[in-house]
Amino acid sequence: RIEDELIRYEGVSRENGLKLINCERGAFNTTASSHNKGSSVVRLADHGYKVFLTNPELTVEMSKNIAQLFNETGLRQISFDGVEGNRSTGMGIYGEILFTQTWFDNINDQIKQHYIADASRTTHYFWHMYTRMNWGEPWYAGFRESQTEYRLKNQAYFKRNYMPGMLGWFKMTSQTSIEDIEWMLARSAAFNAGYAFVINYNELEKNGQADQILSTLGIWEQARMEQRFSEEQKRRMEDISKEFRLLDDGNLLQEVFSSKFTFEEMEKQPGEPLFSTFEFENQGKEQPMEIIITALNSDISDLRMEIDNHKGIFLPLKLASGEIFKYSGGKTGALYSENWNLIRQVDVPEELMNIPSGHHQLQFETTLSSPKEGKAKIEVRFYGEQEPLKINHE
């Protein structure tokens, strides 16, 4: 910074004195201008979020401004994301405390009566004024995979330190399935943990299961808040490899036994069968096999399945890349768009889909329009006994 102008630069040359290389004058909407010889040149500490880090005086000024924003608008929630950046003050953890304490001291009594202040980390001092720690971000992988291990480790940490359980942030898109949502909600019930749920309105409108998803969120949340899950049920739901669903308006819990496979075209020897073989187990009673097939990076057509080397099933349908076929029993399955909007019903040979309890084999084959990149994702699902939840006496 030279006077009121900010200058970005790529590097520094030390030949014949210091020289900044590949400069951008007037950065961050400042004005490129001439400067007098002898003007002070200040190097600012910045951050990956494209913000500048503070010294103690600027920490106090910024924190007071945020408090004023709360007081004048009635805002009641703030996430102190990256609060550790205040170590730029040179004061270590005290720099973090200075920022949050100044904010708290300057919000009015009405805001203090009810606010939510969360963060990705806490300190001994901040623990006394914040609402919760809530981190685990949805941006780095799929709905179930993004920072999952970190989220679960945090639950034990929260419990040891008398903090509310929180699972972090989850993002619903137009392609989020009801199965993904119930996977998350089972973890929420297991740890009695809340979560931040990101919904873009346009994505919500596109998702064909949106109404069912929102209804399911409410049913699970009510059962969790009423503490209707037994300790044994919660212990089983802590295992992220297990899946569950709620039935009868939240009065019955049912475990889901899910097996997931990926079919992709592999180079075969002459005369070698083109199908892939997968092993699965029905841990419940004899029942129709629920199956979900998703086309990935390719159209797929002419689905051929054989169960236990004697039940041959042929489905003469085509799935465009991203489309989903789902069968949950009965004489028909459903073909969905990638956003879970129903395209059409598909006839299924019901008599071949009933599977006894125990170990089984699935042979699967399909035609990929893009054999090098294309895949078919397959999920086979069975259901356990229906378990009653505890009765709410209120």
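## Helices H5 and H7

H5 passes H7 in a right-handed crossing, meaning that the near helix is turned clockwise from the far one by less than a right angle. The model is predicted: local features need pLDDT of at least 70 and side-chain atom pairs count only at pLDDT 80 or more, while totals for chains, interfaces and linings use all residues. Residues are numbered from 1 along each chain as its sequence is written, and side-chain values use heavy atoms, without hydrogens and water.

H5 covers residues 178–191 and H7 residues 210–225; their axes come within 10 Å and cross at roughly 15°. The axes are lines fitted to C-alpha atoms over the stretch in contact, with angles from 0 to 180 degrees between N-to-C directions. H5 and H7 are therefore roughly parallel to each other, a term for angles under 35 degrees. Helices (H or I, at least four residues) and strands (E, at least two) are DSSP runs, numbered from the N terminus.

On the H5 side, Ile178, Ile181, Glu182, Met184, Leu185, Ala186, Ser188 and Ala189 meet Gln212, Ile213, Thr216, Leu217, Trp220, Glu221 and Arg224 of H7; contact means heavy atoms within 4.5 Å. This contact of H5 with H7 has nine nonpolar, three polar and three charged residues. Ala, Val, Leu, Ile, Met, Phe, Trp, Tyr, Cys and Pro count as nonpolar, Asp, Glu, Lys and Arg as charged, and the others, Gly among them, as polar.

## Helices H1 and H2

The axes of H1 (residues 56–73) and H2 (residues 93–106) come within 8 Å and cross at roughly 35°. H1 passes H2 in a right-handed crossing. Residues of H1 in the contact include Pro56, Val60, Ile66 and Phe70, and those of H2 include Leu98, Phe99 and Trp103. By class, the contact of H1 with H2 has nine nonpolar, six polar and one charged.

## The cavity

A search of the whole structure finds one cavity of 30 Å³ or more. Here a cavity is a set of points, on a 1 Å grid over the protein atoms alone, where a 1.4 Å probe fits but cannot get out; lining residues have an atom within 4 Å of a point. The largest cavity has a volume of about 40 Å³, which is the space filled by probe spheres set on the points, with grid points joined across faces, edges and corners.

Its lining consists of Thr148, Arg151, Leu152, Leu167, Phe170, Trp183, Arg187 and Ile240. H4 (148–160), strand E6 (165–172) and H5 each give two or more residues to this lining, and the largest share, three residues, comes from H4.

Key: Angles under 35 degrees count as roughly parallel, over 145 as roughly antiparallel, 65 to 115 as roughly perpendicular and the rest as oblique. On a 1 Å grid over the protein atoms alone, a cavity is a set of points where a 1.4 Å probe fits but cannot get out, and a pocket is an open set with protein on both sides within 12 Å along at least five of seven lines; lining residues have an atom within 4 Å of a point.
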